[in-house]
Amino acid sequence: MENSSEQSAPTIHWRLQEWFQDIDLHTQAQLKTFQEELIKANRTISLIGPKTVFFADAIHFSDSILGYRTIVQSHSLAGDIFCVGTGSGFPGIVISILDPQKKVIILESDSRKIEFLNSVINSLKLTNTSVLNKSLDQMADGSVQTVIARGFGSISKAIMLGRKSVAKGGVFFHFKGEEWGVELSEIPTQLCSLWSPSLVGDYKLPIGNMKFSVIKTDKIG
């Protein structure tokens, strides 16, 4: 008699080929390999929530793809892309796969997540990608031009950490849910003289009705 727990085991979905038919087969294969390594590593390292593993194709991969596309449809990104809050590989590794001509630098201070990220980078031969054992506020003053963050706390926290390292004229992109308006209202007055926030665009995941947004904060001071 078959084990009932095996019969009812949830399916780990992978539907990117259905949802993003414009992505070539090589890139699709790299994304699938990343998913496999993520699931394997997630058994011992807390990279993504256990309940999101089964729908990571929508919740994490599609969100990273659609958020990045929202950015590049309206902006020409200057210099290297610095990614923060990317210990799980989202959106940094996904951006690296989608845009191999762009240099992506992931900032991460957790040694176990650094090991995971470097393993994925080496496995996929992502020569455009590197990991620095630093936080954003540890970067040299004015050394960062473009930053992207997903799952990195509030906008206020992010721009506070980047107030010195992001150069004047630089830009910080934030992947956000429907609560982004509240976050903007909570930005301290002293930061408003350094940053100017605006909406880049909205998108919806291939499943569900929740709207997501990309907010940018331009460094003006």
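Colleague: Where is Pro-91 found in this model?
Modeller: This is a predicted model, and in it a cis peptide bond joins Phe-90 and Pro-91, with omega at about 0 degrees. As for its place in the chain, Pro-91 is found in the loop between β1 (81-84) and α5 (92-98).

Colleague: Is Gln-28 buried or exposed?
Modeller: Gln-28 has its place in helix α3, which covers residues 25-41, and, leaving aside residues up to four places away in sequence, Gln-28 touches Trp-14, Leu-16, Gln-17, Phe-20 and Ile-23. A residue counts as buried under 20% relative accessible area. Because the relative accessibility of Gln-28 is 4%, the answer is buried.

Colleague: How do the directions of α3 and α6 relate, roughly parallel or roughly antiparallel?
Modeller: The axes of α3 and helix α6 (residues 111-124) come within 11 Å and cross at roughly 150 degrees, and α3 passes α6 in a right-handed crossing. Angles over 145 degrees count as roughly antiparallel. The two helices, α3 and α6, are therefore roughly antiparallel.

Colleague: How many nonpolar, polar and charged residues does the contact of α3 with α6 have?
Modeller: From α3, the residues Gln-30, Thr-33, Phe-34, Glu-37, Leu-38 and Ala-41 meet Phe-116, Ser-119, Val-120, Ser-123 and Leu-124 of α6. Sorted by class, this contact of α3 with α6 has 6 nonpolar, 4 polar and 1 charged.

Colleague: What is the relative accessible area of Asp-57?
Modeller: Asp-57 lies in helix α4, residues 56-72, and, not counting residues up to four places away in sequence, Asp-57 touches His-13, Trp-14, Arg-15, Leu-16, Trp-19 and Ser-62. Asp-57 is buried, and its relative accessible area is 0%.

Colleague: Which residues of the largest nonpolar core touch the most other members?
Modeller: In soluble globular proteins, nonpolar side chains tend to be buried together. Here the largest nonpolar core has 46 residues, and those that touch the most other members are Phe-34, Phe-61, Ile-93, Phe-116 and Ile-148.

Colleague: How many residues does the second, separate core have?
Modeller: Phe-61 touches, among others beyond four places away in sequence, Trp-14, Leu-31, Phe-34 and Val-94. The second core is separate, includes Leu-107, Leu-136, Val-166 and Phe-172, and its number of residues is 19.

Colleague: Is Lys-125 buried or exposed?
Modeller: Lys-125 lies in the loop between α6 and β3 (129-132), and its phi is near 55 degrees, a positive value in a residue other than glycine. A residue counts as exposed over 50% relative accessible area. Since the relative accessible area of Lys-125 is 68%, the answer is exposed.

Notes: Residues are numbered from 1 along each chain as its sequence is written. This is a predicted model: local features need pLDDT of at least 70, side-chain atom pairs count only at pLDDT 80 or more; totals for chains, interfaces and linings use all residues. Side-chain values use heavy atoms; hydrogens and water are left out. Helices (H or I, at least four residues) and strands (E, at least two) are DSSP runs, numbered from the N terminus. Buried means under 20% relative accessible area, exposed over 50%, partly exposed in between (1.4 Å probe, protein chains only). Contact means heavy atoms within 4.5 Å. Axes are lines fitted to C-alpha atoms, for helices over the stretch in contact, and angles run from 0 to 180 degrees between N-to-C directions. Angles under 35 degrees count as roughly parallel, over 145 as roughly antiparallel, 65 to 115 as roughly perpendicular and the rest as oblique. A crossing is left-handed if the near helix is turned anticlockwise from the far one by less than a right angle, and right-handed if clockwise. Ala, Val, Leu, Ile, Met, Phe, Trp, Tyr, Cys and Pro count as nonpolar, Asp, Glu, Lys and Arg as charged, and the others, Gly among them, as polar. A nonpolar core is a set of buried Ala, Val, Leu, Ile, Met, Phe, Trp, Tyr and Cys residues joined through side-chain atoms within 4.5 Å.
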